[in-house]
Amino acid sequence: MAGVLARFVDLRPKEGRPAANAFATLFGIVAGHTMLETARDALFLTKLPPRLLTLVYVLVALGTLVVTSLNARFVKRFGQRNALLFTLVFTAYGTTVLHFVPMGKVALFVLYTWSALLGTVLAAQCWMLIGLSFTVAQGKRLFGAIASGGVLGAVVGAGAAAGLLAMVPVASLLLISSGIFVATALFLTTQPSEPVSVQDDAAQRGSRPSTIPPSASRNSPPGPPPGESAWATIFGSAYLRRMALLTTLSTATLLSVDYLFKSTAAHTVPASELGSFFARWYAIWNGASLAVQLLLTSRILRQLGVVPALTLLPLLLATGTGGMLISGGLLGLAIATKGSDGALRYSLHRVGSELLWMPLQAEVRNAARGLLDSVGSKAVQAIMAALLLALASLGLGSPRVLAGLTAVLAIGWLGTTISLRSRYLDLFRQALSKGTLDAAAMADELDAASIEAVLDALSSRDAQRVIAGIELLAEKKRARLVPGLVLYHESEAVLLRALRFAVEADRREWSPLVARLLAHALPDVRTAAVRALGTFGERDLVRTALEDGNPAVRAHAAIALATTETAEAPHEDPTIRELFALDGDRGRLAVEALLEAIADHPDPRFADLLLEMERDARPEIVERAVRAMRRIKDARFIAPLVARLDRHATRQVARDALVAQGEEALEALAQALADPETPFRVRAHLPRTISRFGSQRAADLLADVLPREPSGFIRYKALRGLGRLAVDGRRVDRNRVEVELKKNLVEHLRLVALADPLERSVGVELGGAASESLSLVLALLRDKQRQSLERSFRLLSILNPREDIRGAYVAMLSGDAKLRAQALEFLDALTTGRRPTPTGREIRELLRLATDELSARERTARARDFLPKTPASHEETVLLLIREADATLATFAAYHAIDVRSPPLLGAVATMTLARPELNVTLPIDLMADERVRASARGGNRGDG
Amino acid sequence: MATDDRQELLERELFLRALLAAPAGSSLVKSLTGSMHRVEVPKDGVLYHQGSDDGAIHFIVRGAVELRADGAAPLELAAPAIVGLFDVLLRRPYTRTAHAKTDLVALWLRQEDWFDALEDNFDAARTAIRRSGENIWRMHLEVGESGGFPPPAKPTEPPKRGLNLLERTLALRTVVCFRGATVQALAELAQTAEERFLEPGETLLREGDLVRSIFVVTSGVVRVERADGKLAATFGPGCVVGGASAVQAERAPFTAIGDAPAVLLEIEHPALYDAIEDHVEMIRSILAGTAYERDEIERIKGNRVPGTVMIDGRARGA
């Protein structure tokens, strides 16, 4: 039974019961209401003329206005389940009372209005309750099956009514429908009063990371402000405005299609055959609707995504009516058009429409939906009916005119649906929002208020705040706004930063203020003052610093003077030579200062000296030499700078210096990356260095890394770099990124498949050491799973640089089932794409497999088309892991195999020790001597060829 | 971009530059600025509740906040401050409720964005590690002779052979400040580590010496003491000699001597910092190690509720 069910419904653990409850509730409501409608129509039309129906429609429309408002308040006060329960009991009670009332004209009007209003309310309440119980991801899988409960209820209700009428009077159907409502209400009492998402395991995980602050005052997911009317809510939201337009156009189109079909049939089919004609086609379409519901709805939704799936019905209607417009009203086309409506409206379209409401907050959903589904649609029906009547009265009711009108409406509906995609994604973007403001969008210009804020910071006593103000103005190219008074600040840090800033911004008008600091008590400040004055060309002031007691101050003065006054070799300047000759700490400080001064006064004549200093044994000297290389362009610097990337102490400055060397350095980095002889520690840092160039060439080089680089770590670094460049607007070869993305997703699923049998062997008696080594193997596999998934998301970010994919990833890992589902739906909608490539389609499927709520075993089973043969047992898995290309994984698996001591595993380890000696795995001598192990190893060797 | 938004971004940028002392040209501030949410809490309102957990860090931009919990003295903090970071590092719900003492403006940042920014700004990550190491070391010296370090477990016999890669990785995995690191990162560290044997009475480090490595005890005991008598602690298996702050020390702030035959894994600073740069979760793991030690010290000091605060040292109530 479960197997048969699984062919129709993708049910996951814990979902069966709530889905069955929803199915049964919907079945009961629709069955009871169908029976009530049957009795109502029969009673009304046997006692009153059909023309009075128009009056009833008006009453229903007016009643809907009142009931919708009451219903919203009622649900808010008592909760969704209790409201539905009460409405069912109330409907049963009222219907029973009506059964006992003599059916005069007034009673019939009341009965008709009563059933119509309650039918609207019950359906809306039931779907809202269902919406609360499931996430959007579950909805896509389950709503088709759940909605089939409604279709089945209609079939059973109508069939039972027809059968019962042979035995009981029509009015008795009222009592029977009351009984069905009561039974449904009783069934509802067995369900929890506050439905919870069936996958909401946040409490069990004990953690609820969020993607937005609970108290965020901006850009929260949409929610109505207290006291706001439903209309205001609708008109205040771009999404809801489109939903309103969608309701209007779809209601008008469907009414028009219905009228077009009936009028075409009335013109074509003989009057005597009309009854059987309608009966036959309605039966066929009901059957088709049920089949679509059960077999296709979920699949179409999952394959196409919600919004594209919703374009199917208007597309078919537009095509059908377009054909009728051309052909002049062929009955076959009318049947096909109405057939699309019959098959899809209550199946795919209904479920898709329900899913469109899911991303909204419950209170928004309740308020807006109540209004649109009842008042909105009834009003549109009334207007459309009046329009059709007017057309007929004016002699414009020909099939061609009607088809044209309907085609226009259907095209409008289609367009509105397509335009909904970006708004639908926006809802998820808001729910998963990364931040509130786009920092990249902040241009360099500062307005008056901003300048005021920065100047306020500059006058602060807080040194860090002043420094922040200086740096901000410098970065925003408003350096002239920094006042010279900052040089009077009491903080050494501010003075040092201000003096450095004076050099960077060429504020030579500050010279008198800077000169004052030559007498400052702190040598660092005096040194900085000399640096500034030297840069400004204030030689006389600088010369006074040659007498300073501090060698660093003297060094800066000497370099500044030598570069401007020495014609040939400035490093031969006597003061400089004297400073170089100093030993001990004073000597080190002097050389450091000389190198800093060279950086301040970049002069190609110092290039040889810098190359020599770069090879110095003292790290502080090397760092300063590399820093100075940033200021002098010389191709000879490039090779040592690339080599310097292997040491973290100089990596950052070496990167800066390489960027300063320009395109020649970029090409050298490209060559180093392509050269397998480049040491790994250097290669590992090449991608980030390349990304620092920020150019299109840099992006292209990094994209080249993805398909050809064997090291996953370096590929990761390349994709991090690519991510930054993509955000900055560089073009990235989408095909290469897609291939890498697919590779990472497959790898993730392969690792899940490898870990699963091992996870199942945890707790099985393996012995202390084996359990410990198993835990490490598993931890490594889990790390790698996480890593490959995270990389996949980073690659997705490169493909969608403007989307907050990171936010979706964070949401995916959260304990909040609704948030996870929103992330899933966001990714699904995003990866649907307008023109997906074959790889893109595979990625969408893989992404779904990797992120969906599935057990490891189920995930592996569903991913089998993408995976090599997956292991079933602990032993099979360890054997595979011993042969893994990843050295760490293979090594750990080998040690675990040694701990387990099973001959086949030991044989594999013995083989491995010979084949991969670089792993340094050794088999204990006693085990090596074991004949069974040797036999197994021989078998393994033969097996390996 | 609207004027209000521009103003907001500028305020954030000024605030973050001042608080984090990010070097000029660093992308740290830029990447954080756009990832934050502004949160305004009126006086007497609550920024977050004890026991709640949104996995976020709060930067107090304007106003003052009081962190309250039963059984602990309230902590008052004024802007600029960072609150909630230790709870995030230790992956636990907030241990205190943050009440607004005044009208409060805060910036809310999800932890993943914080660590992403650190990954992209290694200097900032190093600064964060250095600062938290220095702070925790000061606290160790203030808490008494034991330094707040737990006594070592019963000494184990040194193994008769060298440790293989798996055993080394397992040993590193037991170290508090590496618990959050991936196995891959630890295996890389384990590969670069040198095994050191220390006899009782043998000196490993002398106070004031330049330090170029950290030492992880895998068996035996190492004694640590200071000339000023402020510290006399012992470290056993699963410990870094000197605790989490040792990862940033440039000079040994203590003398370390073998107390029982010990096997140590020596990891050189360059290898450690390479691992930190290569594996972002190492940053988090080491910061969490310092947060954990801080919690222990708070407990020794009698605070039943551990701290939740990490600030720049310039705010009141630090």
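Predicted model: local features only at pLDDT ≥ 70, side-chain atom pairs only at ≥ 80, totals over all residues.

Reader: Where does B:R91 sit in chain B?
Author: B:R91 is in the loop between α3 (85-89) and β7 (97-100). Its backbone stands out too: B:R91 is not a glycine, yet its phi is positive, about 50°.

Reader: Why point that out?
Author: Most residues other than glycine have a negative phi.

Reader: Which residue of chain A has a positive phi although it is not a glycine?
Author: A:R901, with a phi of about 65°. You'll find A:R901 in the loop between α42 (887-900) and α43. At 46% relative accessibility, A:R901 counts as partly exposed.

Reader: And what's in α43, say at A:L905?
Author: Helix α43 covers residues 903-915 of chain A, and A:L905 is part of it. A:L905 has 0% relative accessibility, so it's buried.

Reader: What is A:L905 in contact with, if I skip its neighbours within four places in sequence?
Author: A:E875, A:V878, A:L879, A:I882, A:A897 and A:V900. Take A:E875: it's 30 residues from A:L905 along the chain, but their C-alpha atoms are separated by 7.2 Å.

Reader: What about A:I451, buried or exposed?
Author: Buried, at 16% relative accessibility; the cut-off is under 20%. A:I451 belongs to helix α17 (residues 448-458) of chain A. Its C-alpha atom is 8.6 Å from that of A:L473, which is 22 residues away along the chain.

Reader: How many helices and strands does chain A have?
Author: 45 helices and 0 strands.

Reader: How much of chain A as a whole is buried?
Author: Buried residues make up 54% of its 945 residues. Chain A exposes about 40400 Å², with 59% of that supplied by carbon and sulfur atoms.

Reader: Back to chain B. How many helices and strands there?
Author: Chain B has 9 helices and 14 strands. Its radius of gyration is 21 Å, close to the 20 Å the globule rule gives for 318 residues, so chain B is as compact as a globular protein of that length. Along the principal axes, its C-alpha trace spans about 70 × 40 × 35 Å.

Reader: What share of chain B is buried?
Author: 63% of its 318 residues. And if you take contacts in chain B between residues at least 6 apart in sequence, 79% join residues at least 24 apart.

Reader: How far apart are the mean positions of the positive and negative charges in chain B?
Author: 3 Å, counting 37 positive and 47 negative charges.

Reader: Last one: where is there a cis peptide bond?
Author: Go from B:A79 to B:P80: that bond is cis, with omega near 0°. B:P80 is in the loop between β5 (72-78) and β6 (81-83) of chain B. For context, most peptide bonds are trans.

How values were computed. Residues numbered from 1 in each chain as written. Chains lettered and ligands numbered in written order. Heavy atoms only, no water. Helix = DSSP H or I, 4+ residues; strand = E, 2+ residues; numbered from the N terminus. Rg over C-alpha atoms; globule rule 2.2 N^0.38 Å. Buried < 20%, exposed > 50% of the residue type's maximum accessible area, 1.4 Å probe, protein only. Contact = heavy atoms within 4.5 Å. Lys, Arg positive; Asp, Glu negative; His and termini not counted. Charge placed at Lys NZ, Arg CZ, Asp CG, Glu CD. Areas by Shrake-Rupley, 256 points an atom, 1.4 Å probe, with all protein chains shown as cover.
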